[in-house]
Structures are given as structure tokens and as C-alpha cells.
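Here is a colleague's note for someone meeting this structure for the first time. Please keep the sequence and the 3D view open while reading the numbered points.

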Amino acid sequence: MAAPVKSRQDESVSAVQTLTIGKALNLGLRAAMEADDKVLILGEDVGKLGGVFRITDGLQKDFGEQRVLDTPLAESGIIGTAVGLAVRGFRPVCEIQFEGFIFPGFDQISSQLAKLHYRTQGRIKVPVVVRVPYGGGIGAVEHHSESPESLFAHIPGLKVVSCSNPADAYWMIQQAIASDDPVLFFEPKRLYHNGQLKSEVDTSTTPGPLFASRVLREGTDATLVAYGPSVKVCLDAAAAAQEEGRSLEVIDLRTLSPLDLGPVFESVRRTGRLISVSEASAESSISSEIAARVQQECFYSLEAPVLRVTGFDTPYPPSKLEEHFLPDLDRVLHAVDRSLGW
């Protein structure tokens, strides 16, 4: 059973703060470290630099080099060290600097991190969080803009989640750290410091469950389901559709393994239409699973086939072409037109 998430705030700091996703993650990590001295952070440049995106900014200064560790450029070593620390009773939080760098650590994640609890018949817990900045839209070079979440969601023994807003960023990172299961925490890097998403976060409230999807906007004509960076695209599309007299429901998956599709099924049974939106390639993906499950569970409620708006089945393109690769408002609204015109 997971350890409870505690909220220990300085009395001089307001419980309600206006935060970006990046700042919310920073404060969530800080809260987790204050609540449990077994929480450690390790990764490339996470200490003195505060991470390339400054998500761990100030944590080494306040908690010391014994709890916030700068590591060599060796993802396999980072994950392997975290597994050993977890076996010894710590709760390590690893940062993979960019999602494209995670693959040298894939063996440790799939062969050790995902299997150790099962291999020991539950005797050993592996409470490791692997933070993964992911997705495109930052104008970066190769290996810096990918969406590999489906690969990890396919591995039994791993939990996979992704936040899309500051409140979820603050609470979900703490819940992931408190979990006794290994969690891959995918963070939409292009939204870290997006001022449009800056919003109030109540750091004194009781958060909802970690592994649960959430309806963000109610609607009646069609359902949009997304996670991470694609949630904002769907909310923008729903707002634009409303100006044309169309009512779109938007659901944030939040958890990719396990998938919580109950709210999606309920929504589709009302709207009769579903568009799944994701930056990842369509083939053998989260969107594939959503389409299969919805058509299995809601077949007689569907008024049109489940449609997918995704990245293309190609390697991520050079930055000058990425705007054509990433799902955007126009592609989502085109899918809505196709669905409603069926």
C-alpha cells in the first residue's frame, strides 16, 4: 500500500499559489522531500544547475548533495542506482534529461525495475519515480522531442502517468513518489513555463486518486480524449468549436498504465463519437488501445468510428517541420468534422 501524501507547507506561504507546471513540479518535489527524508533526487545536472528546465532548481542548495545527486551521463547507471537505493529503503526520483536519452536505461527499467517486486513475490518494493520530459514543440534537435510513453505502458509492472496542468503536476508527482510501485512520470516539456497555463494551485487540498482520468470540459456532440501536451490542444479545439455551436467533451487521461477508461466509456455512450489525440505515432500506441477498448465496450453507442489525431508514423522531424507533425487545433477540428459528418 502506498505511503500517504502529506502536505507540509510553511505557514508564511499561502496555501493557494499561481504556478506554472514547471514551478508546480518543483514545489511538489520539495514537499515530498520535506515529508520524507528517504526521498532522493538523482540525474544529470539536477543539482547545481537545477536541471536543464530548472525543475529541480534550489533543491540541492536546500537539501544538500547527499539528497540531490548530480550523476554522470549514464541513464543505465542512473536507473540501476535507483533500483539499488529503493531496495535499501529509499524513494529515488530519477530525472531523464530528455525522453530520447531514456533508451540506454531501457534494460534496467524493463528487466529490473518492472520485475523485481513480482520476481520476489512481493517481498521487495521498488518505489522509484522516473521523471521524463517528453514531447515536441521546443525547436530541438534529434532525440529531444519524442513521445515514447506507449513503449513503457506496454510493460507489466510499471505505472505510467502524465500531467497536463499545474495542479496535477504538484499533486501527481507527490503521489507518484509515495507509491510503492515504480512510476514513469511523463512531463510535457513545452508546457513547463507556458504562461497561458499558469493557474491557481491549492497546496492544502486533498488530491484525487493518481490513477484516474478526469473530465475537464463537459459536452454533448463528441468526446475528445488526450493526455499531457495534447490536452491543451483539445481544450482550445473545444473552445473554438463552441463558437460554431458544437459542444465537445474533453477528458484528460492522466494515467496511461493502468488506463482509467470508465469516464471515457460513459462519455462516449452519451456523445456517440470519440476522437483520441496524442503526439505519439498512431501505430501500436495508447490511442490504438483506446480505440480498441471503446469499440469493444461502446459499440452500440457509437455513431461514427473512433478517430485518431496523432503524430505520424515517422521519426520525429527536424524542428522546422515539427509544426506539421504535431496535432494542432485545425487537425482536431477536421477530425470532429469527419466524425459529425459520418
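**Notes on the predicted model**

1. The side chains of Asp-180 and Lys-125 meet in a salt bridge, with N and O 3.5 Å apart; a salt bridge here is a side-chain nitrogen of Lys or Arg within 4 Å of a carboxyl oxygen of Asp or Glu. The pair links distant parts of the chain, 55 residues apart, since Asp-180 sits in the loop between α7 (166-178) and β7 while Lys-125 sits in the loop between α5 (116-119) and β5 (129-134). Asp-180 is buried, with a relative accessible area of 12%, whereas Lys-125 is partly exposed at 40%; buried means under 20% relative accessible area, exposed over 50%, and partly exposed in between, using a 1.4 Å probe and protein chains only.

2. A word on the basis of these points: this is a predicted model, in which local features need pLDDT of at least 70 and side-chain atom pairs count only at pLDDT 80 or more, while totals for chains, interfaces and linings use all residues. Residues are numbered from 1 along each chain as its sequence is written, and side-chain values use heavy atoms, with hydrogens and water left out.

3. The chain as a whole has 12 helices and 14 strands, where helices (H or I, at least four residues) and strands (E, at least two) are DSSP runs numbered from the N terminus. For 342 residues a compact globule would have a radius of gyration near 20 Å, and the chain agrees with its 20 Å; the radius is taken over C-alpha atoms, and the globule rule is 2.2 Å times the number of residues to the power 0.38. Along its principal axes the C-alpha trace spans about 60 × 45 × 45 Å.

4. Buried residues make up 54% of the 342 residues. Of the contacts with a separation of 6 or more, 80% are between residues 24 or more positions apart, a contact meaning heavy atoms within 4.5 Å.

5. How many salt bridges does the chain have? The count comes to 15, and one of them joins Lys-189 to Glu-99, with the closest N and O atoms 2.6 Å apart. This pair, too, links distant parts of the chain: Lys-189 lies in the loop between β7 (183-188) and β8 (199-202), and Glu-99 lies in the loop between β4 (91-95) and α4 (106-113), 90 residues away. Both Lys-189 and Glu-99 are buried.

6. Within helix α8 (residues 230-242), Lys-232 and Asp-236 are separated by about one helical turn because they are four residues apart, and their side chains meet in a salt bridge of 2.9 Å, N to O. Lys-232 counts as buried at 18% relative accessibility, while Asp-236 is partly exposed at 33%. Elsewhere, salt bridges that share partners join Asp-36, Arg-91, Lys-125 and Asp-180 into one network.

7. Some backbone details deserve a look. A cis peptide bond, with omega about 5°, joins Ser-257 and Pro-258, and Pro-258 lies in the loop between β12 (255-257) and α9 (262-271). Asp-45, a residue other than glycine, has a positive phi near 65°; it is found in the loop between β2 (39-43) and α2 (59-63) and is partly exposed, with a relative accessible area of 34%. Arg-54 also has a positive phi near 65°, is placed in the loop between β2 and α2, and counts as partly exposed at 41% relative accessibility.
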